[in-house]
Each structure stands twice: as C-alpha cells, then as structure tokens.
Amino acid sequence: MTRILVTGGAGYVGAVSVEAFLAAGHDVVVLDDLSTGHRSAVPDGARLIVGDYTDRATAAAVFAEEAIDAVLHCAARSLVGESIEQPARYFGDNVGGGIGFLETARSAGVERFVLSSSAAVYGIPDTTPIPEDAPLRPVNPYGESKRSLEAAMAWYGRAYGMRSVSLRYFNVAGATDAIGEDHDPETHLIPAILRAVEAERSVTIFGGDYPTRDGTNVRDYIHVADLADAHLRAIDATSPEGGAVEDGLLVCNLGNGDGFTNLEVLRAAETIVGRAIPHEIGPRRPGDPPTLVASASRAADVLDWRPQRPSLEEMVGSAWAWRQARPGGYAD
C-alpha cells in the first residue's frame, strides 16, 4: 500500500483518480483549497485537507503529518483564455507555486511525483499524431507553465534522484457513477453541449471551414476513468521496483490514437439524449489548430496503458447519466 497525496483531489480529474487509487488499495490524502473543486466530490475513504498547495507552510505540514510516499499533482490554473489575460497568475501559481511544492516534497523525503500535464506544451504541432519528442512550443501561458514545471521535474530527477512522470493529454470526458464534471465557467465541449440540452438553448461550434472531414476541429478525447488508470500506473512506475523512470522524468502522452470532430461530438450527444441539438457555426477562435491528436504508443509500451473506453458514446453517455442523476451538479 502506498500513501498518496493528491493535490486538486476535489476536482474532476483528481477525484476520479482518488477513486481509482482507493479501489487499488492505496491510502489517499487530498489537498485542495476548494476554489474550483467540490467537497462532496472527494470519495469516501480519502482524507480531505482544505488548503493551498502553493502555501509552503501548509504543504510542509501535510508532508510532516501524513507520511506521504508519492504525489499526484493535479492542482493548477487551467483556463487557456484566462492564462492569456492573467499570465502573472499562471506563472505565479503553476510555475512558482508548483516548483515550491516540488521542493517541499523533496525536503520531506518524497521521491515519487506524478504531474497531470497537458498536450498544450506542444502548441501548434508540425505533425499529428504528436509524439513526445515533438518540439515544445506552447502558444499560451497555461501550456508554458506546464512545460516549465516539467523542466524542473527533470532537473530534480538528475540532481536529487526524484522519480517523476508527466502525463500529457488533451481532452478528458465522461464520468464514473459518483464523479462528473461541474465547472463554472464550463469551457469543455461535451459538458457545454449537455448543459445546453438541459437549458434548451443552441450550441455554438467555433469554426466550420477547417481542412478536416467535416470542416470542424478534430480533437483527442479520453475517458476520465482511463486517465485515472494512467495516473495509477504512473504512480506504480515511480516506485523503486517500477524501473520505468530514467533520467528523472518519464513523459507520456495519453490519447485515443485518433480524434473526433466537434460535429461528431455533437452527433454522439444527439444519439445519447435522443433528439436533435440546435447548433450554429461561429467564427474560428484565434490560434485554434485544425487537428490535435496525441500519439500514446509510449504509454502503451512503458506503462502498459491503453484506453478501455474509447468511444464517444461511452464518454458522452456516462457524462449524461451523471448529470441526469445529479441535476444542477454537486450540492456544494
């Protein structure tokens, strides 16, 4: 049994990962300031500590009191548009706070660290599917902040022997029976479509003239439960017996191996809800590339990870079932 600290464990991705860790028999502590997470999303069996990971004293107290073996770091500012408007906040929290948290973990003797990263580190890629050795050219402060923290993790491995894994992914979707997406504002396409269905209003698809099979963006999606499984495998890979981490940092993309257009996502939602969903094609968003799909062959080879729920119907269907069971989202 490993004692794992999950920052951001009251959020969507973090809470589902906590759920997977508990099911695998691990002991889990959650550190979350509840600014965007939900107290009721934290699975039974995990201990919730309400606090900010960027506060060094708070983080040091958690490590001192909880005897942590490994960290899954999910907490971060993650809105691309906001990062462009407020770069100081993103570099302050994600980079400054993240490196401070990494140092606090190291000072406490923690040698195992997994980062919930982003394929935003690639920016607009030269080729697709995108391999891990593609040039890192982020086009917004959010992606830059993830790249910077990954760089620190690599150097911590070389200098201090810390074993780290960074998992880069694009779009996460779906829900488990207990945990789903409940963001404010909602910037993700699938829950935005489902909210529009509930509110009986139209959905806007941004851009209809891209060089894709139907003119709309192609994006990579993975089910949140598959992402949680990857986090579990990454934690295992950082163990002394895991042997998968070389030179301090293992980087793996996570993806479906293919992509779905925005209109295909909309059509899948129509199939799930059983009716047509009114929509309109709006202008392109600046800097939106036509296709973003990640190659996940390294995750398959090194972590033995493959998506088990690859269809849009599974992702949208589970998200819709969760929303139907919890009208209005979490009570808190």
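Predicted model: local features only at pLDDT ≥ 70, side-chain atom pairs only at ≥ 80, totals over all residues.
Partly exposed describes a residue whose relative accessible area lies between two limits: under 20% counts as buried, and over 50% counts as exposed.

The structure holds 19 salt bridges. One of them joins the side chains of E66 and R47, with a distance of 1.9 Å from N to O. E66 belongs to helix α2 (residues 56-66) and R47 to strand β3 (residues 47-50), so this pair ties together parts that are 19 residues apart in sequence. E66 has a relative accessible area of 5% and is therefore buried, whereas R47, at 44%, is partly exposed. Both residues also take part in a network of salt bridges that links R3, D27, R47 and E66.

A further salt bridge is formed by the side chains of D126 and R137, at 2.8 Å from N to O. D126 and R137 each lie in the loop between β5 (112-116) and α5 (141-160), 11 residues apart. D126 has a relative accessibility of 61%, so D126 counts as exposed. R137, with a relative accessible area of 36%, is partly exposed.

The salt bridge between D209 and R284 has its closest N and O atoms 2.9 Å apart. This pair links distant parts of the chain, 75 residues apart: D209 sits in the loop between β8 (203-206) and β9 (218-219), and R284 in the loop between β13 (279-282) and β14 (291-292). D209 counts as exposed because its relative accessibility is 54%, while R284 is partly exposed, with a relative accessible area of 43%.

Conventions:
Residues numbered from 1 in each chain as written. Heavy atoms only, no water. Salt bridge = Lys/Arg side-chain N within 4 Å of Asp/Glu carboxyl O. Helix = DSSP H or I, 4+ residues; strand = E, 2+ residues; numbered from the N terminus. Buried < 20%, exposed > 50% of the residue type's maximum accessible area, 1.4 Å probe, protein only.
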